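Hi,

Here is the structure I promised to pass on to you. Have a look at it first, and then read my notes below.

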Amino acid sequence: MDNTLTAGSEKHRWRLVANIRRAVLMLFVFGQTTVASYYLLWVLPYHGGTLLELGMLALFAILYAWIAVGFWTAVFGFLIRLMGGDRHSILKRHKEAELLKTPLAKTAVLLPIYHEPVHWTLSGLKAVYRDIERTGQIEHFEFYILSDSRDPDVWLEEQVAWNQLAKELGGEGRIFYRRRPVNLNYKSGNVADFLRRWGKRCKYMVVLDADSLMTGSTIVRMVRLMEREPGVGILQTNPNIINGHSLFARVQQFANRFYSTLFASGLAAIQMGDAAFWGHNAILRIEPFMKHCGLRKLPGIGIFGGPIMSHDFVEAAYMGRAGYEVWLEPGLGGSFEESPPTLADELARDSRWAKGNLQHLWVMLREPGLRFAHRMAFLNGIMAYVASPLWLGFLILTTIAAADMTLSPIEYFPEGHQGLFPLWPEWRPEWALGLALSTLALLFFPKFLAILDAVIHRFTKEFGGLFRLFCSVMLEIVISVLLAPVRMWAHSRYVVSALLNVSLQWAGQNRTEETSWKEAFITQLPGMLLGGGWSAFAWSLDTMFFLWSLPVALPLILAAPTAVYLSRNSLGEALRKCRLLLIPEEIRAMPLLEDAVAFRSRAVTGSPLTPLEQAVLRLDHNCLHQALAWDHRLGSREVELKSCVARCLGEGPNALSRAEMSQVARDRQSLKALHEGAWRASPASYWGRAIGRLNTQAKSSGERNIV
């Protein structure tokens, strides 16, 4: 390993602190779970004397421990902030004056994209470029747009937009574009392709998502921290959600922005140098990443075979196994991303993440040499989705128990009970109430602890003032209660589908569209029927059981209208005007965010031609695409490409499949032949009519030299 790694004594010191903190956390979690399980044991009529009750007890213990981890993480975060921050964090180790004197190393800023809105996405990268420019350090950075897009209309538009962006910013030789011809291993394969070609050009890489924004000062600061901490392999920021317009997105961005202050602080204090990598808004040391973080295909069957879909946690674990540290640093700030605008979009994303996270079970159990903290990070990610079917299973067992108690006579010698004496059923409603209240406290107390933290550190005004902040928290709680059962049902289906290895398609994320009533009823109908049927059955059994079922059944019944109204931009805007669900970035100006909004809102001159038609007809576009294309007319492919060109000229692009059109658009000679042939076409042909539309556009816009 590099002999410039952090000294052993320093590493030992933070590891000792981390082990103590983790031991305390486990003591609190398992101690509290043991007490709660004991209470449940005595709440149950037969006190665990039946197999059914033992099953309920096991599921309850797992779920209670799961939410207790989140609770105590928030408490740790509150205490850490109360003490002025974690003095062991890498940001606290260095004074600002020291950082400012640290020279920068060459850093690549990566933007992997796949079928994203082109203008919107590259406008975000433009804002990041400009913000780094404002720091005066732009000469230390290179920018790489890494495309996996397969639709020719998309990637041809990407190439034109990249060329225009580089010219506008004066970034020729600094802003690069590459589209992989073969899409292997998802985003991790895209980054690996970059590393094989350009990895040795830079010392670090900052990875962004299509919706990522990072301030130039934060990126520069991260590079300097990495220079001063040679033992750190990955430095992860805590991205805050911004630019929410729909009610759903605004709720998510408020919850993320307000609650993550505690949760991220607590998580960073517990993980320390064994943190996770979240795949974006982070800086990575390229040399050890290339050497140690290559992802092999899983050797198992079904879901546990093939390429790893969720690469980030695995790469962090491999970096840790190689002896490098991985840190989450919430104090960096200036790191942003965006939320899916609707519930449907969030659940579509979760359907992919569920399969990727479940794959980590193989890595967690079978991969040698991983640190215990990283194995726990895998478990945490797995539980994010497995908790839903476990919760559903607990509800099913509870329903069976209620039905058995109502419809069947009391059994004094139930199944699983052994002994000479009968087992007398007992009911302890006061214990049940206390257990329910303790569970609710685990779920909701951290939210009110965050309010106390805001009061102590005097930043309530950044969220609209104390009264509006409290109202926002209450509104977020109501909506989270409505969404929890819907997510439970959806995630349960995703976990089952993943275990059955149902194939998934990866696509770009919807950024603007609202959910229609038809779409909502189609997607939510199974859950609505489940909720209605369960509630009706509970009513037929017992009034109290029916009331107990309502917090889960009612949100399922209302899932369709909930999805529709949460997707409405008008409701989100109305709450913003009332100064509810506000976040600090909506109150104080920030050049990066202002630039992103301004660049994205600039109207793109509409064209009557598709990007593919422009690639054929416009001389400037055709020359650009030729310069980026290759000569593929070798052997039998020459005949195939000539045939495709002839069909395209005779009948138009629709005569070719997407794969055939991609092959033509990637071949330099074919692009040249299409341009020359299309301009010789008769006015009544497909290309003749397209030329007419192009000429009309040129006259109205005053453009020249486009033919």
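Helix α4 passes helix α5 in a right-handed crossing (right-handed if the near helix is turned clockwise from the far one by less than a right angle, left-handed if anticlockwise). The contact (heavy atoms within 4.5 Å) is made by V118, L122, L125, K126, Y129, R130 and E133 of α4, together with V154, E157, E158, A161, W162, L165, E168 and L169 of α5. By class, 9 of these residues are nonpolar, none is polar and 6 are charged. Here Ala, Val, Leu, Ile, Met, Phe, Trp, Tyr, Cys and Pro count as nonpolar, Asp, Glu, Lys and Arg as charged, and the others, Gly among them, as polar.

Before you go on, please note that this is a predicted model: local features need pLDDT of at least 70, side-chain atom pairs count only at pLDDT 80 or more, and totals for chains, interfaces and linings use all residues. Numbering runs from 1 along each chain as its sequence is written, and side-chain values use heavy atoms, with hydrogens and water left out.

Now to the backbone. Y186, in helix α6 (residues 186-198), has a positive phi near 55 degrees although it is not glycine. R458, in the loop between α13 (429-456) and α14 (466-499), also has a positive phi in a residue other than glycine, near 60 degrees.

Are these residues buried or exposed? Y186 counts as partly exposed because its relative accessibility is 28%, and R458, at 77%, counts as exposed (buried is under 20% relative accessible area, exposed over 50%, partly exposed in between, with a 1.4 Å probe and protein chains only).

Best wishes

How values were computed. Helix = DSSP H or I, 4+ residues; strand = E, 2+ residues; numbered from the N terminus.
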